[in-house]
Amino acid sequence: MGAVVGAGDRRRGTAAGLFGAALLVAGTVLGSGGGAYAQPSPPAGGHSAGHGEDGKKHDGGDGDRGGDRGHDRGGDQGRNRVGAAEPTGPTGAAGPSTTPPPGTPPAGPAGSPTGTSATPAAGRPAPVAGAVLASAEAGPGAALPTAQGLQQALAAALADRNLGTVSFAVADAADGRVLYGSGENAPATPASTTKLATTVAALSLIPGDTRLATRVVKGANPGEITLVGGGDPTLTALPADQVQIGGAPADADTAPASLEALARQTAAALKAAGTTAVKLDYDLSLYAGSPQHKNYDAANIALVTPLMIDEGKVDPKSREDAPARVADPAGQAADAFAAQLKAQGITVDGKAKPAAAPAAATAPVLGRVDSPTVARLVERLLTTSDNTLAEAIARQAALAAHQPASFEGAATAVTQELARLGVPMTGVVLGDGSGLSTGNAIPPAVLVQLLALASSEQHPTLRPVLTGLPIAGFTGTLGKRFGAGSGAAEAAGLVRAKTGSLNGVNTLAGTVVDAEGRLLAFAVMTKTTAAADTARAAMDRVVARLAACGCH
């Protein structure tokens, strides 16, 4: 144990450096993959700089915003039905920076154009990237921890009674090989770490540069127009200067599509045709099944509809972990669009209503706005543990896999795609894409396999799963963890992990660079009667021991 402590002391000053490495590499990762998306399709009105606060959530009682913020927080012409999503760049073309060297600490959303960042906590040292990057690049050459070394390093932290029943796995991120664990093959409730499964499958099925389009098309009869939902819950009615994601202003890569921009385009097209009064309906045919999650509470998640604005929040600028949601997200969006048209000089006769039939594929497009890329949306939903956005991405995966865009179809698509990727699915049960379902089950060994896939040179398109993971002590649902007095502060900036929490359940799965520069994947899953904050702090101390040791 003396050698372990010494290694941790030698690296005491590297937290800021690794955080800086994350900032430096962030923004370079965006791959394209294969899939049922035929061609790039530039937006009719450009990617509008909209606004939309990050949907935060929690997994139910603990704070994951749908999983965790202390809890986690909450036109296609020529497109097939998967077509609410389209790639906007050449598929299969990954940039030169797509694959970081093995062992490089994954890039992060903080302070970069690739994700939703929170401002680093006051008092943290300024990031210095260069030396740490050089050290991390040597990671795969570092000796692997041994089971005996890991057992000695983790024993005291794992004995904390606040953890309750705990299962865990520690793996080499280079190949997913489990180095040490307990109950690692036993299914446990994953809470919001379910989002790792959802996002790995989605990015495997959908090109990362795909955007979700919201369109307005001509109706079947003169003077009628249809607002077509494309599955983008981040579409916003806020002015651009009021949009925040994770408490920070949105940038060009993360800014949501703007309802106002869509109304401007539509009004201009109508006026050009001599039309100043219309009837409006809205098309929700992209999704199937019930829009209501089995654990719906009108706070942690909205009704899952293909048309909504600001994730269905009553207050679109709310920064609560579980904000109040409107009863009819699609109707709210249509009413807001009608009001925007009125502001542009177009009268909408009567109240907007659901369309009697899906809009014709050949209907002329009057306006279109596009979401950020799926890669950016994945980063956002992981950083903030956004339940509503996670369910939207799960439905896009279902469409890409030719499954119904429903809770059941999405679960089938994710399960089948993970199996195709070689993930061992024994014991895995999925009922949703967000992790709000208490019936979900994933063994710790599967979670570390998902992280290893996202780290793999063979799967560069999965890298946004890593870049979206919150950074301990700095961003997203880990922004207020690993702090002074927690017993885990030395791991701040060194750990990137997805949080998860439901009543009595807490999970943490991510990556950490150990004292000798080796990138490890870990998953800790607990069931306890201890207070959520107490249980989480105990989990953080387990992970901090990984960061502090070489464990030989």
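The legends below describe close-up views of a predicted model.

Residues are numbered from 1 along each chain as its sequence is written, and side-chain values use heavy atoms, with hydrogens and water left out. Local features need pLDDT of at least 70 and side-chain atom pairs count only at pLDDT 80 or more, while totals for chains, interfaces and linings use all residues.

View 1. Helices (H or I, at least four residues) and strands (E, at least two) are DSSP runs, numbered from the N terminus. Of the 552 residues, 61% are buried (under 20% relative accessible area, with exposed over 50% and partly exposed in between; 1.4 Å probe, protein chains only). The accessible surface is about 18,400 Å², and carbon and sulfur atoms hold 54% of that area. Areas come from the Shrake-Rupley method with a 1.4 Å probe; for residues, only the protein chains shown count as cover.

**View 2. Five strands form an open antiparallel sheet.** Their order is β3-β2-β14-β13-β12. Two strands pair if DSSP finds at least two bridges between them. At the edges stand β3 (178-182) and β12 (495-502); each has a single partner strand, so one side of each lacks a neighbour in the sheet. From one strand to the next, the twist averages 5°. Axes are lines fitted to C-alpha atoms, for helices over the stretch in contact, and angles run from 0 to 180 degrees between N-to-C directions.

**View 3. Strands β13 and β14 pair over nine bridges.** β13 spans residues 505-513 and β14 residues 519-527, in the antiparallel sense. Valine 505 has lysine 527 of β14 as its bridge partner.

**View 4. Helix α11 packs on the sheet.** This helix (residues 444-455) touches β2 (165-172), β3, β13 and β14. Contact means heavy atoms within 4.5 Å. The direction of α11 makes about 150° with that of β14. Helix α13 (residues 532-547) lies across β2, β12, β13 and β14. It runs at about 20° to β13.

**View 5. Helix α5 is largely enclosed by the rest of the structure.** Twelve of its twelve residues are buried, including Thr194, Lys195, Ser204 and Leu205. From first C-alpha to last, α5 (residues 194-205) reaches 17 Å, close to the 16 Å expected. The expected span is 1.5 Å times one less than the number of residues.

**View 6. Strand β11 pairs with β4.** Eight of the nine residues of β11 (residues 365-373) are buried, so this strand is largely enclosed by the rest of the structure. Six bridges join it to β4 (residues 210-218), in antiparallel fashion. Arginine 211 stands opposite threonine 373 in β11.
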